[in-house]
Amino acid sequence: MPDPIIAATGLHKSFGSTEALRGVDLTVERGEVLAVMGPSGSGKSTLIHCLAGVLAPDEGTVVMDGIDLTALNADARARVRLTRIGFVFQFGQLLPDLTAVDNVALPLLMASTARRRANVQAHEWLDRLGLADQAAKVPGTMSGGQAQRVAIARALVTSPAVLFADEPTGSLDSVSAENVLTAMLDVVRDVGTTVMLITHDARTAAYADREVIVRDGRLSGAHAGVAL
Amino acid sequence: MDRSLALLGLVGAGPTHGYDLKHRYDSVFGTARVMAFGQIYSTLGRMIRDGHIETLGQEPGAGPDRKRYQITATGREHLQRWLREPDVPSPQMQTNLFAKTVLALMLDDDADALLDTQRTALLGRMRQLTTDKANAPLLERLAIDHALFHIEADLRWIDMTSARLTDMKNEVSFHA
Ligand SMILES: Nc1ncnc2c1ncn2[C@@H]1O[C@H](COP(=O)(O)OP(=O)(O)OP(=O)(O)O)[C@@H](O)[C@H]1O
Ligand SMILES: [Mg+2]
C-alpha cells in the first residue's frame, strides 16, 4: 500500500524575475531513495529547499510526514527541520573547530538531548559509517570522503524521516564517491530513511530506486509522480 | 574484446585442458556471455594451425578433453604484441542514436522525446547493473564498472545534445 512521506502539489517559486519552480507535483514513498537530476540552474536545489521547509513556495503545498509545511510559519518549519529532516551538502558543512564526534552530537544538543546521551549516539553513528577511529579528529585533518561521512552521520543522528543530500559526493573522486555513497545507502536502507539525492552523476543516480529529472523548473514528463 | 586472444592469454598463464580453459574463461571474462565448448575447441584448433599453441603429451583415452595445451614462443610474441598495443577508441562516431536524433530534427519529429526515452532506458540499465554489482566478486564488479562508465558517456552526450537541439535544428535544416 502506498505510503507517501512527501506529497508536493503545484509548487511555484520565483526569485525576482527568475521562475525557479514552475509547477512541480511530486510524491515520494516512505523509505524510497530518489535521485533528482537535471541541468545546472534547472531548480533542483530550490525544489528540495521547498520540500524541506527551508524555503516557502509562492504557490502550492508540501505535506511532509503528515505535516503541512506550507501552513507553518518560519519558526515552526525550523523546528520540524531540526528533528524530522537531515541535510548533507557537497562540502563545508562541518564546524572546523569541533571534533567529528562533537560535530555529529551538535544537532542532538540543539534539540535538547542530554550531553552524555548525545555523545553515545554520535559515537554509534560514526561507527555505523565506518569512522570509529576518526571521532577525535577535526575536519581539517580528515580526507574529503571521511568528512562527508561525518556530515552524513550528523545528518542522520536525529533519525530524520527524510535525508536531503545535495551532491553529497560531488567533490570526491570516483572511488571515494562510491565508498561514501554505499556507506550512506547501506545505513539509510537499513533504518528505512527516505532519501532525496541531488546528483549530476548518472552512476550516482543509478544507486537510487528511481530518478526524477528537473528541467526549467518542472519535472520532465515521463518521470513525474510515483513509480508503478 | 577479441575472444581468441583472450583465450590465448589464458593458455599463456599455464598449460591447460580444454575443459579447464572454458572454466577459466567463464570465470574471468564470462560475465556477459560464457563461451561454449564448441567455440573453445574450434578456437584452440585455429591457434594450433597458426602455431600459437601446441598440445602437450597426450594423456591416455580419446577425445579432445584428454589433450593439454600450452603456448608456443610464437604465440607468446603474438600475445605480447596485442597486450602492448594501445586500444584505439571506437571510430564508430555515427551511432544509431546520433542518426536517429539528426533525422528526427530533419523530419520535425520530437527529438527531445527520443532523447528522453533513451535516457530513461540507459538509466534503467545502469540501475540494474548497479544492483548486480552490489554482491558481485571484484573481477565482475570491475567489468560492470567498465560498462557503467561507458553508458554514462552516452548519457552525457544525450544531455549535451538535448541542450543544443535548437541550434542543431537550424544546422540540419535543408530548406534554409
Ligand atoms: N536565493 C536565490 N536568489 C536568486 N536566485 C536564485 C536563488 N536561488 C536560486 N536562484 C535561481 O533559481 C534558479 C534555480 O536554481 P537552483 O539552485 O535551484 O538550481 P540547481 O538545479 O540546483 O542548479 P545546480 O545544479 O547548479 O546546483 C537559477 O536560475 C538560480 O539562479
Ligand atoms: Mg543546486
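Tutor: Begin with A:V63, whose bridge partner in β5(A) is A:D68. Before going further, please keep in mind that this is a predicted model, in which local features need pLDDT of at least 70 and side-chain atom pairs count only at pLDDT 80 or more, while totals for chains, interfaces and linings use all residues. Residues are numbered from 1 along each chain as its sequence is written, chains are lettered from A and ligands numbered from 1 in the order in which they are written, and side-chain values use heavy atoms, with hydrogens and water left out.

A:M64 stands opposite A:I67 in β5(A), and altogether 2 bridges join β4(A) to β5(A), residues 67-68, in the antiparallel sense. Here strands are DSSP runs of E with at least two residues, helices are runs of H or I with at least four, and both are numbered from the N terminus; two strands pair if DSSP finds at least two bridges between them. The two strands form a hairpin with 2 residues between them, and A:D65 sits in that loop between β4 and β5 of chain A. Most residues other than glycine have a negative phi.

On its other pairing, β4(A), residues 59-64, runs antiparallel to β1(A), residues 4-15, over 5 bridges, with A:I6 standing opposite A:M64. These strands belong to an open sheet of 4 strands in the order β2-β1-β4-β5 of chain A, with antiparallel pairing. Its edge strands are β2 and β5, each of which pairs on one side only.

Chain A also has an open sheet of 6 strands, with mixed pairing and the order β6-β7-β8-β3-β9-β10. At its edges stand β6 (85-88) and β10 (218-219), each with a single partner strand, so one side of each is left without a neighbour in the sheet. Within this sheet, β7(A), residues 162-166, is joined to β8(A), residues 194-198, by 5 bridges and runs parallel to it; A:L163, for instance, has A:V195 as its bridge partner. In the loop between β9 and β10 lies A:D216, whose phi is again positive, near 50 degrees, in a residue other than glycine.

Now turn to ligand 1, where the residues around it (a heavy atom within 4 Å) include A:F15, A:T18, A:K44 and A:H200. By class, this shell has 3 nonpolar, 8 polar and 1 charged residues, with Ala, Val, Leu, Ile, Met, Phe, Trp, Tyr, Cys and Pro counted as nonpolar, Asp, Glu, Lys and Arg as charged, and the others, Gly among them, as polar. Backbone N or O atoms lie 3.2 Å from a ligand oxygen at A:S42 and 3.0 Å from one at A:G43, while a polar side-chain atom of A:H200 lies 3.3 Å from an oxygen atom of ligand 1. The protein covers 57% of the 640 Å² of accessible area (Shrake-Rupley, 1.4 Å probe) that ligand 1 has on its own. Two or more shell residues come from each of β2 (18-29) and α1 (44-51) of chain A, and α1(A) gives the most, with 3 residues.

Finally, the largest pocket holds about 700 Å³ of space. A pocket is an open set of points on a 1 Å grid over the protein atoms alone, where a 1.4 Å probe fits, with protein on both sides within 12 Å along at least five of seven lines, and lining residues have an atom within 4 Å of a point; points are joined across faces, edges and corners, and the volume is that filled by probe spheres set on them. The lining has 30 residues, of which A:G38, A:P39, A:S40, A:H200 and B:D159 lie nearest the centre. Two or more lining residues come from each of β2 and β9 (210-215) of chain A and α6 (111-134) and α7 (138-163) of chain B, the largest share being the 7 residues of α7(B). By class, the lining has 9 nonpolar, 10 polar and 11 charged residues.

How values were computed
A polar contact is a pair of N or O atoms within 3.5 Å; within protein, one must be able to donate a hydrogen and the other to accept it, and residues adjacent in sequence count only if both atoms are side-chain atoms.
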